[in-house]
Every structure is written in C-alpha cells, then in structure tokens.
Amino acid sequence: MKEQLTIIESTNKKNRLADDQLVFGKHFTDHMFVMDYSIDKGWHDPRITPYETITLDPAAMIFHYGQTVFEGLKAYRTEDNRILLFRPEKNFERMNRSSERLSIPSVDEKLVLHYLKELLRIDQDWVPATEGYSLYIRPFIIATEPNLSLAPSSTYQFYIILSPVGSYYSEGIHPVKIFVEEEYTRAVRGGTGTAKTAGNYSAAYIAQEKATEKGYSQVLWLDGIEKKYIEEVGSMNVFFKINGEVVTPQLNGSILEGITRLSIIELLKDWQIPVVEKRISMDEIFQAYEKGELEEVFGTGTAAVVSPVGELTWNDCHMTINDKQTGNLSKKLYETLTRIQTGKDDDPYSWTVEVDK
Ligand SMILES: *Cc1c(COP(=O)(O)O)cnc(C)c1O
C-alpha cells in the first residue's frame, strides 16, 4: 500500500561550499527522508523534511544495544546533466538482509527506492557536477523505543541523508600500504559481518588505529577462527590477481557482500578473465608473491570503487606489489565502473538508474 509522501520544503536553504572544499561525510543537503515504524501501523508516515537535528529519548534502544543498520551508495551527475544511481535496488535488498540479522522489520524495497528518488529530485542541485565528485547517500534505521530490556525495539525510524563528497583520490588513484591484522577480528561466521551494522565498524577502529600508527592506511582482516584465511581489507572487499587469474574470498558468512565486488566479478566474467571465489589463505598469497605470481591486489567498495594495494605486510614479510604502481587490471576496472556510473560510457548491463528531475 502506497501512503502519501508528505513534503515539507526547507525555507532556509544552506550555503553550499565549493566542490573543492568538501570533506567526506561532513556536509549535508537541505532535506532528509524519514518514516516511522510501529507494530500496529508497520512503516508509516513517509516524509521529506528540512535536514534537522532529531530528538530521541535517552533510553532509546539504539543507544544501548546498537540495533541499527545502514547503507551507502552514490548519485552521479552526467556530462549531459542527468542524475544516475548505480544498482540502488541491490542496496535496499542488502539493507533488508542486514535488518533481518538485527531483528529489524524489513522495508518495501521498491517503495523506499521511490522515496530516495523523490528526495534526490528535491535536492538535485546538490549533486556535484565536478569530475570525480558525487552525492553520497546514507539510508539507515534506528531502534527508537525507550526501553532498557534486552529485546528488539517495537518502534523504529528509517532515514535517508545526503552528503556531497569529493573524489576518494584527490591526486588520482594511487596504491596504499596494508597491514595484515593478526590480533583483532572483524567478524566471524554466525556473527554480524554480513550485515552493515554499526558495531562492526566501531569494533574495527582499534585495529585501524594500530595500523595508522605503524604507517599503514588500512588493515587486511583474516578469519576469526584460524587467522589464516583472507576476508576483507578495511571496509572493502579484496581481490588478488595471481598468474593471470583473479581470486577473491568466497562469501562465507562473515564477509560483507559488496555491490562493487559483485559488479567486478560480473565484468571479469564478461571480459573472459578467469575469476574465482574461494577460500584464500595468507600462506597462498605469500607463496604466490615469492614465485613472482602476485600481480595485483585491490580493494573494492562504493567510496573508492577500486583501491590498489602497493604494499602488504604480514608479520615480518613485506610484499611489494607491482612496483607500488596501479596495475593495468585495477585501472581498467576502475575506469570501466566509474565511466558507467557517471554515464560517460554506455551501460550494457543496465546497472544505472536515472532519477527523474
Ligand atoms: C559496504 C562495505 C563493503 C563494500 O560494499 P559496496 O556495496 O561495494 O560498497 C565491503 N565491506 C564492508 C565491511 C562494507 O561495510
């Protein structure tokens, strides 16, 4: 059932910063989307309102037990001034899978995508036109019932906020240094690693801080049980090109199922480059390195799209990959995906969705 969307336009529009002043995740548009959930009404009262602070009871369950999920995607402005989303239906499908894990009620995926498009239509001027810039979209759900008992909330709020962001690479795509984390674990099978939920990220800060202190930009996460098998890099999925074949960890119940990861697997298959999803140990990677067969390593995710790895440190083993240069395959994948996302190239896969103005 489609309920009427209420729209309250802002009468106090913000001053926009010039694109080159933007810092990731710090600036927000004029409007946001909100809807409420209660057990008797389900999801109801969808509305677009001015972007504003929210008031919650201090006992709201989100603050105590972290019952929350989020998503992340982007809107891109094309050279001919259209606004495109990249596989947005996948984000709302994944949000519902995350919600299921966190005992949060599901949303109507199609309806929520419709609401997102309405929000983007109202804030369309906020989609940057500068090359490499985009409008980051953050949908999220929080448990709002004031109650300290340990049980799922009976009330929730769903929000979408929008943030204009710069290019992840201010000086062009460049390879990063990665530290293989052996002490802390991001996720284990049966845990919450497959869900985009707050606790996974706050629990990863400590390892990230340790890596930063040692001069690395991200950590490579190993499986939580044997500390042998590769899972992810930072909050990205990870790929290795070994002797002409591309391998990535198989979805094993603790890895987040990235939409960039999926798109890259589909591109490689289309290009007839061998790609395999399997369990990969750090030992195998080191052996491939010693044989001179470790050709490229890269992370994938919405923020960076493709992030090449130039150095990988595992205990005392320091591996230099492709002379610390961006590999040809990493570059081709990055170019292909970003050109489809921004409408520069045709989209033979029907991945992009245009927002009506
Ligand atoms: C969001 C996320 C990814 C990447 O997913 P995309 O859909 O490609 O943006 C990978 N790993 C983690 C832990 C994530 O949170």
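Here is a quick tour of the ligand site, the salt bridges, the aromatic pairs and a surface patch in this structure. Keep in mind that this is a predicted model, where local features need pLDDT of at least 70, side-chain atom pairs count only at pLDDT 80 or more, and totals for chains, interfaces and linings use all residues. Residues are numbered from 1 along each chain as its sequence is written, and side-chain values use heavy atoms, with hydrogens and water left out.

**Around the ligand**

- Which residues come nearest to the ligand? Out of 14 around it, they are Lys196, Tyr201, Glu232, Thr260 and Thr302 (a residue is near if one of its heavy atoms lies within 4 Å).
- Tyrosine 201 has a side-chain N or O atom 2.4 Å from an oxygen atom of the ligand, and lysine 196 places a polar side-chain atom 2.7 Å from a ligand oxygen.
- With isoleucine 259 it's the backbone that takes part: one of its N or O atoms lies 2.8 Å from an oxygen atom of the ligand.
- On its own the ligand has 390 Å² of accessible area, and the protein covers 95% of that (areas come from the Shrake-Rupley method with a 1.4 Å probe, and for residues only the protein chains shown count as cover).

**Salt bridges**

- Side chains of opposite charge can pair when their charged atoms come close.
- The count here is 18 salt bridges, each being a side-chain nitrogen of Lys or Arg within 4 Å of a carboxyl oxygen of Asp or Glu.
- Glutamate 266 pairs with arginine 87, their closest N and O atoms 3.2 Å apart. Glutamate 266 sits in helix 6 (residues 259-270) and arginine 87 in the loop between strand 6 (83-86) and helix 2 (88-101), so this bridge ties together parts 179 residues apart in sequence. (Helices, H or I with at least four residues, and strands, E with at least two, are DSSP runs numbered from the N terminus.)
- Is arginine 87 buried or exposed? At a relative accessible area of 6% it is buried, while glutamate 266 is partly exposed at 29%. (Buried means under 20% relative accessible area, exposed over 50%, and partly exposed in between, with a 1.4 Å probe and protein chains only.)
- Arginine 82 and aspartate 80 make another salt bridge, again with 3.2 Å between the closest N and O atoms. Aspartate 80 is exposed at 53%, and arginine 82 is partly exposed at 27%.
- Glutamate 311 bridges to lysine 324 at 3.7 Å between the closest N and O atoms. Glutamate 311 is partly exposed at 21%, and so is lysine 324 at 43%.
- Asp36, Asp45 and Arg47 are joined in a salt-bridge network.

**Aromatic rings**

- The whole structure holds 15 aromatic pairs. Rings of Phe, Tyr and Trp (its six-membered ring) pair if their centres lie within 6.5 Å; planes under 30 degrees apart count as stacked, over 60 as edge-to-face and the rest as tilted.
- One of these pairs is phenylalanine 239 with phenylalanine 298, stacked at 5.2 Å centre to centre with 5° between the planes.
- Phe33, Tyr37, Trp43, Tyr115, Tyr156 and Phe158 make up one aromatic cluster.

- Leucine 148 lies in the loop between strand 7 (134-143) and strand 8 (155-165), and counts as exposed at 52% relative accessibility.

Key:
Polar contact = N/O pair within 3.5 Å; in protein donor to acceptor, adjacent residues only side chain to side chain.
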